[in-house]
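Colleague: I have a model open in the viewer and would like to learn how to read it. Could you walk me through it, feature by feature?

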Amino acid sequence: MQTATDTIEDPRQDYKFGFITDVEQDVIPLGLSEDVVRIISAKKEEPEWLLEWRLKAYRLWLTMKEPTWANIHYPPIDYQAIAYYAAPKERTGPKSLDEVDPEILATYAKLGIPLREQEMLAGVAVDAVFDSVSVATTFKGKLAEMGIIFSSFSEAVKNHPDLVRQYLGSVVPYSDNFFATLNSAVFSDGSFVYIPKGVRCPMELSTYFRINAKNSGQFERTLIVADEGAYVSYLEGCTAPMRDENQLHAAVVELVALDRAQIKYSTVQNWYPGDANGKGGIYNFVTKRGKCEGVASKISWTQVETGSAITWKYPSVILKGDDSIGEFYSVALTKGYQQADTGTKMIHIGKNTRSTIVSKGISAGHGQNTYRGAVRILKGADNARNFSQCDSMLIGEECGAHTFPYIDVQNPLARMEHEASTSKIGEDQIFYCNQRGISTEDAVSMIVNGFCKEVFRELPMEFAVEAQKLLAVNLEGSVG
Amino acid sequence: MMLEIKNLHASVEGKEILRGIDLAVDASEVHAIMGPNGSGKSTLARVLAGQEAYEVTEGQILLNGKDLLDMDPEERAREGAFMAFQYPVEIPGVSNTYFLKAALNAVRKHRGQKEMDALEFLSLVRQKMKLVQMDESLLGRPVNEGFSGGEKKRNEIFHMAVLEPTLAVLDETDSGLDIDALRIVADGVNALRSKDRAFVVITHYQRLLNYIVPDKVHVLVDGRIVRSGGKELALELEAKGYTWIEQEVRGAAVSSAAPATVGA
């Protein structure tokens, strides 16, 4: 029950549902309705066109069915049991590290995350003592000088409405799929990046700073536009476990690369995977797509997926511009009762377009790991080339690896290569390491990291180090 | 005594392979274990190294007075037991140097020594590579991946040179080597012979022992050491093969077993 709340009439609409909780208790009741969509939009003081866009998505979503084609199994999601707008975490988070679950802290320590970063990752309230805020601000100032826009999605809607309006939904339309449509209706916040013509962003942009400045919810939306000749490398996610229970996370990421622009998007995802018996954990249903709009543009996805109870995610590239390049490098680890159905789509439209897919799936415990990838070469895509490599590694007897590659070639000049392998982490490999004095735990992490090397070397340096440590921590106790 | 094996019995999947081995090897000594196929030679090596599939049902193994059977394989390695594998495994994506540095530092840590940094390690590695005439290109490549048979064996000896074990067990290191590779491997082993180190050289053929001259030769048949002698025993086996000795042993076993069978 909401008792001590102020109810506010929305000036533009006649609400049946007309209240918004006061600022201290920033929640709206569970469930989804047209009113909820309106409340979200109103809270964000969005322009009319964006509200209309959300409403179109919502109305369409009502007619859509949750997809069932993925190789994942979970009880039905009750969409009326979800809060679509929750209080920022700063307000509900712990006040200091003393209040954080010691198990989480132990994990941070193993990952070698400095204390101050631990505070940020754990969602400890950011106060004035904490200079990350000013770091982020300084950083923004420097970027602004170069004409780079890097802000929360909500700020971008306010400050750069034309850019947002031009590109929002241009890669992932609101009608795209069940989860993307849901996101379009209710997205809470996210990131917006614009790199102007000819500008090479001088640093890796990270959600890290921004998310800590303002915690985004479970339906975030990211839009990155690289104008002609621009370059940006964007890092997403953090290496911290989130202790939310069975939370639905349905994000959308859209990337647009104009002529000769390059976007490199790296993700390390380690949401809470659920407990040892498969209870709890994040349902991660994410739509990520990039469009190589311009000639000789390039979009590269690198992902390390170690968390979530369910991962449903296919970062894709539409290769529209001639000579454009799409890349997908992925490591997906499932252990316990985690399930991952992940891969990519490479849609070749322009001439001389090239794509590379390297997928490494690791399954341990009862984990189920599915690679699902599609390569489509359309009629006009003369001389298109694709190279795909899908490797699976199994640790133990109860896990599974599955591969579903779809290939559709409509142009006779296309060249396709597909390699696949499945291996079991060998007891003989572990014994060999043991015999040289290396512990089983270190051996497993060494062998797995070796297996993932082709992907890790695509990650920015610090991220690669974190990813390796993360795999090691996640694999603890998987063998022997 | 550096290595003492007392009445060692071991089984694989319930089948007894080693049936009462007694062996004592002193520091500085090289002992050769010879025997026909299936006699239990490689099982002995794996039991010494602690491979899980091999179950010790009876007996004792002491390394410098410490009970090896109480230790995990990695502890045994850190205590100075090294096994050169007959079939060294490949570890894709893990560079040979990275692997070896991790191994060396695990051993050094156990010994209470400071872990080596990259520079110290590299200079050590350069020095040891010469011992086995290892090509520098094998350092950066993933462990054993795409190595030729000879390169794999050389790499094993190279690992041994870097890790400086007190007990080195060579499991059929000569198998699959041509004569030049054999000589290089043997030269490496000979260079590592020292008063602080014992070798157990397991081999089917005598030819390796032309290059690595043993102090003692033991013949293993049906999981027991049935004969021990000097290096001339190896030559005798080379000349006469294993059949005569197997027949002798089995004949004796049958006749000694006969009264017991009657009694039962």
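Colleague: Let's begin with the contact of the two chains. How many residues does the contact take from chain A and from chain B?

Modeller: Keep in mind that this is a predicted model. The contact takes 17 residues from chain A and 22 residues from chain B. On the chain A side, α11 (427–435) and α12 (440–451) each supply at least two residues. The largest share of that side comes from α11(A), with 6 residues.

Colleague: And which classes of residue has the side of chain A that touches chain B?

Modeller: That side has 6 nonpolar, 7 polar and 4 charged residues.

Colleague: Now to chain B by itself. How many helices and strands does the secondary structure come to?

Modeller: Chain B has 10 helices and 12 strands. Its radius of gyration is 19 Å, close to the 18 Å that the globule rule gives for 264 residues, so chain B is as compact as a globular protein of that length. Of those 264 residues, 42% are buried. Among the contacts in chain B with a separation of 6 or more, 71% are between residues 24 or more positions apart.

Colleague: I can see a sheet in chain B. How do I read one?

Modeller: Here is the general idea: strands of a sheet pair through backbone hydrogen bonds, either parallel or antiparallel. In chain B, an open sheet of 6 strands has the order β6-β9-β10-β3-β11-β12, with mixed pairing. Its edge strands are β6 (81–84) and β12 (224–229) of chain B, each pairing on one side only. On average, neighbouring strands are turned by 20 degrees against each other, direction ignored.

Colleague: How do β3 and β10 of chain B run, parallel or antiparallel?

Modeller: They run parallel: 5 bridges join β3(B), residues 30–34, to β10(B), residues 198–203. For one pair to look up, Val30(B) has Phe199(B) as its bridge partner in β10(B). Also look at helix α9 (residues 231–240) of chain B, which packs on the sheet and touches β3, β11 (216–221) and β12 of chain B. The direction of α9(B) makes about 45 degrees with that of β11(B).

Colleague: What about a helix against a helix?

Modeller: Two packed helices are described by the angle between their axes and the distance between the axes. Helices α3 (residues 96–110) and α6 (residues 149–163) of chain B pack at about 35 degrees, with their axes 10 Å apart. The crossing of α3(B) with α6(B) is right-handed.

Colleague: Which residues in α3(B) and α6(B) meet?

Modeller: From α3(B), Asn96(B), Leu100(B), Ala103(B), Leu104(B) and Val107(B) meet Asn155(B), His159(B), Val162(B) and Leu163(B) of α6(B). By class, this contact has 6 nonpolar, 3 polar and no charged residues.

Conventions:
Residues are numbered from 1 along each chain as its sequence is written. Chains are lettered from A and ligands numbered from 1 in the order in which they are written. This is a predicted model: local features need pLDDT of at least 70, side-chain atom pairs count only at pLDDT 80 or more; totals for chains, interfaces and linings use all residues. Two residues are in contact if their C-beta atoms, placed from the backbone, lie within 7 Å. Helices (H or I, at least four residues) and strands (E, at least two) are DSSP runs, numbered from the N terminus. Ala, Val, Leu, Ile, Met, Phe, Trp, Tyr, Cys and Pro count as nonpolar, Asp, Glu, Lys and Arg as charged, and the others, Gly among them, as polar. The radius of gyration is taken over C-alpha atoms; the globule rule is 2.2 Å times the number of residues to the power 0.38. A residue is buried if 20 or more other C-beta atoms lie within 10 Å of its own, exposed if 12 or fewer, and partly exposed in between; C-beta atoms are placed from the backbone. Two strands pair if DSSP finds at least two bridges between them. Axes are lines fitted to C-alpha atoms, for helices over the stretch in contact, and angles run from 0 to 180 degrees between N-to-C directions. A crossing is left-handed if the near helix is turned anticlockwise from the far one by less than a right angle, and right-handed if clockwise.
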